[in-house]
Amino acid sequence: MSPSVPLQEMIRAIRSARTQCEERGVIQRECAAIRAQFRQSDNGGRSHNLAKLLYVHMLGYPAHFGQMECVRMIASPRYSEKRVGYLGAMMLLDEKQDASLLITNSIKNDLSHSNQYVQSLALCTLACMGSAEMCRDLAPEIDRLLRASNSYIKKKAALCAVHIVRKVQDLGELFTPAARSLLSEKNHGVLHGAVVLITELCEKNPETLERFRKTVPDLVQIMKGLAISGYSPEHDVAGISDPFLQVRILRLLRILGRNNEQASDAMNDLLAQVATNTDSTKTVGNAVLYETVLTVLDIKSESGLRVLAVNILGRFLLNNDRNIRYIAMTSLQKIVGSDHNAVQRHRGTIVDCLKDQDASVKRRALDLSLALVSATNIRSMMKELLLFLSSCPPELRAQAASGIFNAAERYAPSQRWHIDTILHVLTTAGGDVRDETVPNLIQLITNASELHCYTVHKLYRALLADISQQSLVQVACWCIGEYGDLLVRGECQEIEPVQVTEDDVLDALETVLQSHMSSPATRGFALTATMKLSTRITDNVDRIRSIVSIYGSCIDVELQQRAVEYNALFKKYDHMRAAVLERMPVIEKNSPRVIPMESPQGRPSRTSSQPKSSTESHWCPNHLLTSFSLPVCGVSQVCDLLDLLGGSEETLQPSPAVGGSAPGLPIHTASTAGGDLLDLLGGLEPAPIAPAPTVPVYEKEGVTLTLSCEKQSDSGLTVTLTASNSTDSDISSFTLQAAVPKSVQLHMKAPSGDFLPARGTANVTQMVVLNNPNKVVSVEAVPIRTASKSFFPLQVNLKMRIRISYTSQGSAFQDTVQIDSFPGFSAAIH
Amino acid sequence: MQFMLLFSRQGKLRLQKWYVPLSDKEKKKITRELVQTVLARKPKMCSFLEWRDLKIVYKRYASLYFCCAIEDQDNELITLEIIHRYVELLDKYFGSVCELDIIFNFEKAYFILDEFLLGGEAQETSKKNVLKAIEQADLLQ
């Protein structure tokens with residue numbers, strides 16, 4: 001065939017242009033010439049012109065003025081012009097262009113052309129860019145061609161029908177009968193087209209799927225002919241007979257056998273044969289095996305066959321060809337949920353693939369490895385994963401880090417291991433971890449109370465080494481702030497002892513504060529930590545004072561505000577400082593906002609105001625602090641707070657469940673969180689509250705009983721009785737009994753104990769839950785109610801009678817006391 | 001198959017066949033990004049990559065990259081075979097094909113492709129038949 005000289009000359013001219021500008025010049029000239037030629041009437045070079053234009057279009061230049069020329073050329077009687085015309089249509093016209101509709105008629109005519117090559121052009125173009133409109137118009141034609149006698153046309157018509165069905169699903173009905181009959185063809189091209197068409201019909205319409213299930217035996221027969229017995233030199237590829245057709249048939253079998261026992265049974269033998277007999281030395285064979293495996297795993301195959309399939313995948317994993325390994329991992333990923341144990345057997349190979357050079361393979365290996373982590377292999381897997389993290393490509397870092405965290409959380413063999421793992425991740429990939437990591441880690445650390453010393457030492461060392469990883473620095477600062485005393489004391493058994501002085505610690509925190517690398521949030525952490533240390537260390541409080549006052553004029557508003565408040569804490573409220581900066585309590589998991597108001601027994605309970613979460617989070621990046629719903633008072637009411645805090649000192653209990661001793665030192669109280677109270681000092685919405693005080697209700701012979709109330713609900717009330725013994729001798733068998741009016745329900749919880757040691761070193765607490773469905777009120781409430789409209793029917797005054805019995809110095813004592821007024825109850829109503 | 005691109009090591013497009021309707025602008029964008037991604041791959045790397053929500057299968061023959069975008073359910077390994085078959089057809093037709101043949105006879109490359117693939121699927125699995133059909137069609141010109 002003679003080459004298109006004008007076309008080749010132009011191409012040469014364009015290629016010889018040395019600069020982009022020169023090229024543009026050449027192309028502009030050529031385009032002008034082409035346009036002129038288009039306007040002229042028919043000359044012999046029309047197809048060459050259009051070809052030139054198409055070349056220019058491929059280089060990226062605009063060629064829309066050629067669209068009409070395409071339409072004209074398609075209508076031409078000359079084959080060469082039609083050919084280029086249709087090519088142009090496929091390149092320049094897509095269904096979005098209006099001009100595409102203009103060729104519908106031409107296509108229709110050409111579909112019935114006497115020359116099969118013209119028909120072929122029309123079919124090809126329709127299948128490539130036919131719009132839904134065009135498809136609807138021409139579908140009957142295609143159906144007719146499907147039944148033609150010419151294989152060359154039939155195979156093309158079948159694929160054209162596939163395109164039509166994709167565009168207009170309803171037309172599937174039209175092609176179903178013809179498709180069915182095509183399966184009996186011998187011509188591979190037609191057969192291939194038929195299988196693709198049937199696949200498409202079945203995927204789109206479940207009813208059609210049902211109908212085509214009957215063809216499974218036929219398909220099995222065809223496959224057998226290809227895979228096992230037939231040798232056709234024409235279709236042979238490296239010893240496999242027509243792999244393209246085999247793969248398509250396998251895929252159709254997959255769709256037909258899915259969720260259907262009968263169909264799956266019918267193909268079982270065939271699949272087993274193909275799986276065992278196919279030569280897997282070349283890619284071709286592996287392509288067929290791959291499709292077989294996918295089919296086996298997707299249908300209801302018997303277990304032996306399934307095992308065979310997984311083994312094939314296992315073999316793929318060991319293949320030298322990287323592509324095959326990648327394919328294997330993709331498939332294993334699909335079945336790791338259902339056939340977990342089978343996949344576990346190949347864990348070693350998969351983990352090795354983590355070290356592969358290729359990023360796609362690494363990604364697959366990472367996904368699979370994370371899916372294979374279990375309680376038994378967690379330690380070894382984590383070693384591999386951490387190794388991977390240190391050398392993995394940046395786009396996989398975030399995924400790897402979060403995967404490691406999840407795995408660690410689910411299967412951590414010990415808390416120390418868990419903390420170590422998280423620290424390792426933070427040091428290697430701290431920049432890529434998610435934001436919740438910091439609070440999660442802090443929560444984890446507080447929960448592992450025996451490891452505080454170890455943790456703070458490790459974090460301190462990590463901080464010294466590198467302050468660029470923000471998450472790590474934030475956690476480190478927080479820990480140093482909390483457990484700085486443990487750090488300075490330096491008595492941790494788990495790591496080599498290192499002498500850390502208070503100055504060292506403050507140096508470290510100051511470095512973080514001053515560094516350019518620290519984000520504003522991190523500096524906030526560092527400043528708060530410095531402040532907390534003022535109660536944990538003894539010598540350098542002045543240094544802390546000066547640091548804090550410097551930041552009082554910092555440009556960053558957040559830091560400045562904090563510093564100003566901390567300053568105030570030093571100057572005006574120094575007496576409160578210790579209580580404000582106490583240790584944080586153990587934080588409950590999964591409920592950072594719902595920490596119950598676990599007021600220790602006897603503590604004055606407060607009515608809970610709404611958690612001011614938005615303002616809290618503004619103040620503290622550590623979201624955990626937001627949960628403590630403390631009442632907000634104006635600055636003027638600070639003295640009240642002091643009383644409350646001071647009062648709390650004697651009657652503290654760590655938690656309601658644990659009764660027993662609470663020596664004067666407040667430890668892990670649920671009362672204060674440094675950040676929170678400081679917010680109070682910041683003077684947010686002032687809301688006057690009358691906190692319910694603890695009231696002594698009985699005092700005799702050195703035994704004191706105090707009472708406090710807490711309103712739980714509209715009709716529920718919890719009364720907490722605390723007993724203490726101020727005599728010189730111990731009291732044992734201390735019990736309380738209570739009685740209330742008939743309409744009130746009473747439930748006594750188990751007392752914290754029955755032993756009251758001498759001199760008030762420990763208390764006994766008894767919680768009594770009252771349910772007041774009739775809303776009986778206490779006497780105190782009456783005067784208030786007369787002023788306002790009464791909502792509660794005044795029936796009976798709420799009273800409680802308590803009998804106290806105990807043994808002291810060998811003799812038994814018993815006494816009764818009646819409680820008529822419940823302080824705080826009245827406040828609790830409102 | 002959604003589309004097939006052929007491009008040189010310098011990123012110059014030599015053939016583009018689109019089987020999905022996209023605007024010119026979108027096609028240009030996809031081409032640019034994909035060419036960049038594929039050219040950035042090192043020689044021994046995997047032939048498959050995930051790009052947007054498509055699977056990309058590519059293979060390099062001499063100075064040309066053959067790149068196909070297939071759907072989720074399509075078999076990657078057989079797509080490699082399809083690419084190989086196309087190269088074989090070009091080779092048979094042009095006689096020891098090289099990039100220049102495809103540059104100067106791009107419309108023929110398209111015609112051959114259109115005899116092998118239709119609507120994104122293989123239409124003829126016999127090499128002989130495809131070449132015969134091209135030959136016959138050429139005679140009509």
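This is a predicted model: local features need pLDDT of at least 70, side-chain atom pairs count only at pLDDT 80 or more; totals for chains, interfaces and linings use all residues.

Colleague: Which strands does E5(B) pair with, and in which sense?

Modeller: Strand E1 (residues 3–8) of chain B runs antiparallel to E5(B), joined by 6 bridges. Within that pairing, Phe7(B) has Tyr65(B) as its bridge partner. E4(B) also pairs with E5(B) in the antiparallel sense, over 7 bridges, and here Lys59(B) stands opposite Phe66(B).

Colleague: How many residues lie between E4(B) and E5(B) in their hairpin?

Modeller: There are 2, and Ala62(B) in that turn has a positive phi of about 55°. E3(B) and E4(B) form a hairpin with 2 residues between them as well, where Arg52(B) in the turn has a positive phi of about 50°. The antiparallel E3(B) and E4(B) are joined by 4 bridges, and Glu50(B) is partnered with Lys55(B).

Colleague: Which residues of E5(B) are buried on each side?

Modeller: In a regular strand, side chains alternate between the two faces of the sheet. On one side of E5(B), Leu64(B), Phe66(B), Cys68(B) and Ile70(B) are buried; on the other, Tyr65(B), Cys67(B) and Ala69(B) are. With 7 of the 7 residues buried, the strand is therefore largely enclosed by the rest of the structure.

Colleague: Is Thr104(A) buried or exposed?

Modeller: The cut-off for buried is under 20% relative accessible area. Thr104(A) has 10% relative accessibility, so this residue counts as buried. Thr104(A) belongs to helix H6 (residues 104–111) of chain A.

Colleague: What does the side chain of Thr104(A) reach?

Modeller: The backbone oxygen of Leu101(A), at 2.7 Å. Leaving aside residues up to four places away in sequence, Thr104(A) touches Met134(A), Asp137(A) and Leu138(A).

Conventions. Residues are numbered from 1 along each chain as its sequence is written. Chains are lettered from A and ligands numbered from 1 in the order in which they are written. Side-chain values use heavy atoms; hydrogens and water are left out. Buried means under 20% relative accessible area, exposed over 50%, partly exposed in between (1.4 Å probe, protein chains only). A polar contact is a pair of N or O atoms within 3.5 Å; within protein, one must be able to donate a hydrogen and the other to accept it, and residues adjacent in sequence count only if both atoms are side-chain atoms. Contact means heavy atoms within 4.5 Å. Two strands pair if DSSP finds at least two bridges between them.
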